[in-house]
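Welcome, and please load the model in your viewer. We will go from one selection to the next, with a short note on what to look for at each stop.

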Amino acid sequence: MHSGNMIRRSPTRIDLRLDDLRDYEGMRTRLQLQKECEERQQALYPPVWGTKVPQSEIQERIGYMPQQNQATHTRPNI
């Protein structure tokens, strides 16, 4: 059931600065150049079917950024 006592809040204001736009344009340009470079490289060296694709490449394609394992403590090997 949906209750009518839902608390509502006013929208949060988001300020977009000129620096933000510059950063976005720079990032977009870099990504576009990287994509064009990869497309040219794939045209020169097409993928070989049946080969195993590295897990890092699969993760990059789907946008998965695994966290690096950071040991909180070290345990001596006895």
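Start by selecting Q59 together with Y64 and P66: Q59 is in contact with both, leaving aside its neighbours within four places in sequence. Contact here means heavy atoms within 4.5 Å. This is a predicted model, in which local features need pLDDT of at least 70, side-chain atom pairs count only at pLDDT 80 or more, and totals for chains, interfaces and linings use all residues. Residues are numbered from 1 along each chain as its sequence is written, and side-chain values use heavy atoms, with hydrogens and water left out.

Is Q59 buried or exposed? Q59 counts as buried because its relative accessibility is 17%; buried means under 20% relative accessible area, exposed over 50%, and partly exposed in between (1.4 Å probe, protein chains only). Of the 78 residues of the protein, 1% count as buried.

Now show the cartoon. Q59 lies in helix α2, residues 55-62, and the protein has 2 helices and 0 strands in total. Helices (H or I, at least four residues) and strands (E, at least two) are DSSP runs, numbered from the N terminus.

Stay in helix α2 and pick S56, which is exposed at 52% relative accessibility.

Next, select V53, I58, I62 and Y64, which make a nonpolar surface patch of about 380 Å². Patches are made of residues with over 30% relative accessible area and no salt bridge; like charges are joined within 9 Å, nonpolar side chains (Val, Leu, Ile, Met, Phe, Trp, Tyr) within 5 Å. Accessible areas come from the Shrake-Rupley method with a 1.4 Å probe, and for residues only the protein chains shown count as cover. I58, at 41% relative accessibility, is partly exposed.

Then turn to the charged pairs. The whole structure holds 6 salt bridges, each a side-chain nitrogen of Lys or Arg within 4 Å of a carboxyl oxygen of Asp or Glu. Among them are these:

- E57 and R61, at 2.7 Å, N to O; they are about one helical turn apart because 4 residues separate them in helix α2.
- R40 and E36, at 4.0 Å, N to O; both lie in helix α1, residues 18-44. R40 is exposed at 52%, whereas E36 is partly exposed at 29%.
- D20 and R17, at 3.9 Å, N to O; D20 is partly exposed at 27% and R17 exposed at 53%.
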